Amino acid sequence: MDILLRQVGYSYAVDTPFEKRALTDVSLHIPSGSYTAIIGHTGSGKSTVLQHLNALLKPTEGAVIIGDRKIEAGVKAKNLRDIRRQVGIVFQFPEQQLFDETVLKDIMFGPLNYGVPEEEASRRAHELVEQLGLPKEVLGKSPFDLSGGQMRRVAIAGVLAMDPEVLVLDEPTAGLDPRGRREIMDLFHQLHIQKGLTTVLVTHSMEDAARYADQVAIMHNGRCVVTGEPGVIFADEEQLGDYRLEPPRTVRLQRHFEARTGLKLDGISLTEEALAKNIALALAEGRDSE
Amino acid sequence: MMEKMIFGRFIPGDSLVHRLDPRAKILFVFLFIAIVFVANNAITYGLLIGFTLLVVFMSRIRLYFLVNGLKPVMILVIFTFLLHILFTREGAVLLDLGFMSIYEEGLRQGIFIAIRFLVLVFITSILTLTTSPISITDGIEVLLGPFKRLKLPVHELALMMSISLRFIPTLMDETGKILKAQMARGSDIGSGPVKERIKAVVPLLIPLFVSAFKRAEDLATAMEVRGYRGGSGRTRYRQLNWRFKDTASLLVLVALAGTLWYFRS
Ligand SMILES: Nc1ncnc2c1ncn2[C@@H]1O[C@H](COP(=O)(O)OP(=O)(O)OP(=O)(O)O)[C@@H](O)[C@H]1O
Ligand SMILES: [Mg+2]
């Protein structure tokens, strides 16, 4: 599903002394089937943008076009449930949303709300718990008896169980152990490919953005200042610095390697695998030319 | 939605009202509550409204913001207003609808009670909006000081009060967040039949309670870690000092009481 933000502005708490402008003139196109990473310094407005993607927030200026629906500033929007079923959001610290007696019921909450039959919802819950690397026993437990990381996985399962077309992730792995992070990010990527999802990921991990995304958007002071391919964005160290960001570790390592050996690598390495390959190639060439 | 609520919020500022001593403001509110009950006719209620607007004006808090933020209270006001209109049966009949009639006395009472309610809510809101929770606590603690003799845990009470005040906005924000998360999962508190709406409250309240308890626990630990041992022998960093304008504000109130007394029927 195509999502288009057209000159979106948003202020929190309009008409109160606490009024706070969070977004100014944000234009962003999220093509159907793309994997978009939104990066930016803390407080730059990333979470605010995300909440526009399923109409939880309505722009105070401009318009958001989600599939064939248009949410426009100043125009009352009705029947947003359809949008919310199609666009699933995993919020920052989603474990806060758990509430039901058992993990199973909690995961089934979303699908049941959207009219998925009971057996189907339960089937999805069982499948997702496994995919997210949780033992089957947790299904019968209270979500409040789980560890923080387990709660996070259950909350993620609760969103995935709605089987959304667009998956919006707000720092889904912040605070998890490194291995668990990788597993969950890989799972999202796998679902992205398998189900042809449109994925939007907000992350502070440049490595994740570089590895998974095919489009990167940089937010800065409530504006979407740059969008482009990760290969281009992460090559421009100076620009990243302007927005208080840095390139992913692989790129930094590549720069150090180039400085140290005087060899120039092909393009820039967005993943460890690519870096290893590029280094191997460069070394082989270097040896040949000697 | 939640962000418009103003209970317990504090808006820093530099108006005369902001700069009054918290003790004066607390006394002011309590005296005012008593004085409101002196009013009993159109003139006196009119004076109360005028006085309240004056206080709002002096606090430099926009009336629009105040009215907007007190919308939930308005519902209560309208409700009591209707109760009076529907159930008072005195005076001349103003309107006869067959199955029920509206009486003159009912309308009068309804309007007066509504004014009383609004005036009280406005003045108390001005207190919390212009006084930081810490100052309110300090004020309450000093004012209740004499009751320490009666073994009343004054310091603890004041602390409890200020913590509650301090956490109202936090919990409001949290409610907003959880509400959004559940809305994203298809629960809809804002629409549908009443039964469905009540059911939709559970997914909101449980996480809210859980997080409130967690917060309380964290706060208790943090206080203990920093050596908090209650009120005895505690010295103060912030000193309250009572100035002429504080006395003056209370005198103004006394003058108001006198005027109301004079005009009341
Ligand atoms: N509920 C709210 N009420 C008022 N202001 C808010 C609210 N939520 C966010 N803001 C403000 O809007 C701005 C953008 O916040 P946002 O949460 O979108 O940032 P972010 O990029 O997601 O940051 P982080 O990386 O820390 O999550 C911030 O300045 C923040 O203070
Ligand atoms: Mg955020």
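Trainee: Which residues coordinate the magnesium ion (ligand 2)?
Mentor: This is a predicted model, where local features need pLDDT of at least 70, side-chain atom pairs count only at pLDDT 80 or more, and totals for chains, interfaces and linings use all residues. Residues are numbered from 1 along each chain as its sequence is written, chains are lettered from A and ligands numbered from 1 in the order in which they are written, and side-chain values use heavy atoms, with hydrogens and water left out. Donors are N, O and S atoms within 2.8 Å of the metal (3.2 Å for Na, K and Ca), and sites may look incomplete because water is not among the atoms. At 1.9 to 2.5 Å, the coordinating atoms are OG of A:Ser47 and OE1 of A:Gln92.

Trainee: How many residues apart are A:Ser47 and A:Gln92?
Mentor: Helices (H or I, at least four residues) and strands (E, at least two) are DSSP runs, numbered from the N terminus. A:Ser47 sits in helix H1 (residues 46–52) of chain A. A:Gln92 sits in the loop between strand E6 (87–90) and helix H3 (103–113) of chain A. The pair links distant parts of the chain, and the separation is 45 residues.

Trainee: What is the relative accessible area of A:Gln92?
Mentor: Buried means under 20% relative accessible area, exposed over 50%, and partly exposed in between (1.4 Å probe, protein chains only). A:Ser47 has 21%, so it counts as partly exposed. A:Gln92 is partly exposed too, at 32%.

Trainee: Where in chain A is A:Phe93, and what is its phi?
Mentor: A:Phe93 lies in the loop between E6 and H3 of chain A. A:Phe93 has 44% relative accessibility, so it is partly exposed. Its phi is positive although the residue is not glycine, with a value near 50°.

Trainee: Is A:Ala13 buried or exposed?
Mentor: A:Ala13 is in the loop between E1 and strand E2 (20–30) of chain A. It is not a glycine, yet it has a positive phi of about 50°. Its relative accessible area is 5%, so A:Ala13 is buried.

Trainee: Which residue in E4(A) is the bridge partner of A:Leu5?
Mentor: Two strands pair if DSSP finds at least two bridges between them. Strand E1 (residues 3–12) and strand E4 (residues 61–66) of chain A run antiparallel and are joined by five bridges. The partner of A:Leu5 is A:Val64.

Trainee: Which residue in the turn between E4(A) and E5(A) has a positive phi?
Mentor: E4(A) and strand E5 (residues 69–72) of chain A run antiparallel, with four bridges. A:Ala63 stands opposite A:Glu72. The two strands form a hairpin with two residues between them, and the residue with phi of about 60° is A:Gly67.

Trainee: What is the angle between the planes of A:Tyr35 and A:Tyr212?
Mentor: Rings of Phe, Tyr and Trp (its six-membered ring) pair if their centres lie within 6.5 Å; planes under 30 degrees apart count as stacked, over 60 as edge-to-face and the rest as tilted. By this rule there are seven aromatic pairs over all chains. A:Tyr35 and A:Tyr212 are stacked, 6.2 Å centre to centre, with a plane angle of 20°.

Trainee: How many residues separate A:Tyr35 from A:Tyr212?
Mentor: A:Tyr35 is buried at 1% relative accessibility, and A:Tyr212 is buried at 5%. A:Tyr35 is in strand E3 (residues 35–40) and A:Tyr212 in helix H7 (residues 206–212) of chain A, and they are 177 residues apart.

Trainee: Why is the pair of B:Tyr45 and B:Phe112 stacked?
Mentor: B:Tyr45 counts as buried at 2% relative accessibility, and B:Phe112 at 10%. The ring centres lie 4.3 Å apart, and the pair is stacked because the planes are at 25°.

Trainee: What is the radius of gyration of chain A?
Mentor: Chain A has eleven helices and ten strands, and 53% of its 290 residues are buried. The radius is taken over C-alpha atoms, and the globule rule is 2.2 Å times the number of residues to the power 0.38. For 290 residues a compact globule would come near 19 Å, which agrees with the value for chain A, 21 Å.
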